[in-house]
Amino acid sequence: MKFIVALVIAPLLTVAAQEDFDVPGHVVAGTSENEPKYEWDPNGYVIFCPCMGRFGNQADHYIGALRFAKELNRTLALPPFRTYKNVPFTEWFKLEPIQQYMKALPAEEFMAHLAPHYWPPGKRVGYCWQYPGNTCKMKDGNPFGPFWDELDVEFDEYVTYQLSYDMDYQRHVDQWRERFPSDKHPVLALRGAPGSFPVQDTNRHLHQYLVWSDMIMEQVEKYIKETLPDGPFVGIHLRNGQDWANACKGLDKATSFMASPQCLGRTGNKRVTQEICFPSNKEVLHRTEAVAKRIKAKSVFVATDRHPMLEDFRVRLNPINVQVFHLDPWLPQIDLAILGQSDHFIGNCVSSFTEFVKRERDVHNKPTSFWGYDEDSI
């Protein structure tokens, strides 16, 4: 294994890369007339491991990666999401909306049809953000090792860098292009996502290109049609497991915590209170009833990591003829998509799960409110 520090030795690596890779523009034909053809993008590719946190965190990072690859004018090899295994991007989301915004293809197709010709074994370079003198550990630990193993990737050389992923500044874009020109670094295989958590405000609009797959939406529409009564419904998200309770302790002096900028902003003028992070049952029942009355809801749909409070809700809402439902699906993305369809959504300001729903609803101008937050809807 060779370890390369980009600032010092990268030019030596890139000369070899330029000589050894096939001529850009070569078309790799499919095996049949119905199979698509894959043409190499001379502007290069980006692929990364979305390996930090659960789905909500990964989605935040993914949105940043869309902007990153777009600004560098590279094709994004859409990596699979990481659970206990790799889940192809197209299993949960549609490809076409992404391709309307930028150049993209699933990582699995990149590895099958392009990598053997242009990024073959023996010439695969991994890139890590590291302090000078540190080594790049692309595959150390779980989920990093299993992620790349399931894509059948072994790295032969490594490059470290200290560049910003904030594409709001042109100088950052220029620094990436200057350090890693595509003719010498055709594939930027990054150890982590080139995006921030929580997602930057200037990138939130990119959620419009994350459109649920037909597989997800067919289940969602079937559930809503066959289970929920006709009429408006309130979707709510509860984080009330013990791990969340522990995380929320002692936050009353904090101005920012995890996804809290989605409701508190980034000015530092507002505090993450206990009611915002881990709301009391009283707050949950009161706010749910108030919203249900205001929109004349016929039902409430509860998504949660632990306790759906069904009996508490039924005691509170039966007098106003509002039914309560909880699915606990095998796939949490089903909950997310149902919440996105609700007529009003109440979520946890600190949660990235809630943040995903909030961004989706913003795209469609649907109202959202938060537990413990004094502005009823934003």
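Q: Why is Trp148 called buried?
A: This is a predicted model. Trp148 has a relative accessible area of 0%. Buried means under 20%, so Trp148 counts as buried.

Q: What makes the pair of Trp148 and Phe155 edge-to-face?
A: Their planes stand at 80°, and their centres are 5.1 Å apart. Ring centres within 6.5 Å make a pair, and planes over 60 degrees apart count as edge-to-face. Phe155 is buried too, at 1% relative accessibility. Both rings belong to one aromatic cluster, whose members include Trp40, Tyr45 and Phe110.

Q: Why is the pair of Phe93 and Trp212 called stacked?
A: The angle between the planes is 15°. Planes under 30 degrees apart count as stacked. The distance is 4.7 Å, centre to centre.

Q: What does the pair of Phe93 and Trp212 tie together?
A: Phe93 lies in the loop between H3 and H4, and Trp212 in the loop between strand S11 and H8, so the pair ties together parts that are 119 residues apart in sequence.

Q: How do you know whether Leu95 is buried or exposed?
A: Leu95 has 15% relative accessibility. The cut-off for buried is under 20%, so Leu95 counts as buried. Its contacts beyond four places in sequence are Leu78, Thr90, Ala104, Leu105 and Pro106.

Key: Residues are numbered from 1 along each chain as its sequence is written. This is a predicted model: local features need pLDDT of at least 70, side-chain atom pairs count only at pLDDT 80 or more; totals for chains, interfaces and linings use all residues. Side-chain values use heavy atoms; hydrogens and water are left out. Buried means under 20% relative accessible area, exposed over 50%, partly exposed in between (1.4 Å probe, protein chains only). Contact means heavy atoms within 4.5 Å. Rings of Phe, Tyr and Trp (its six-membered ring) pair if their centres lie within 6.5 Å; planes under 30 degrees apart count as stacked, over 60 as edge-to-face and the rest as tilted. Helices (H or I, at least four residues) and strands (E, at least two) are DSSP runs, numbered from the N terminus.
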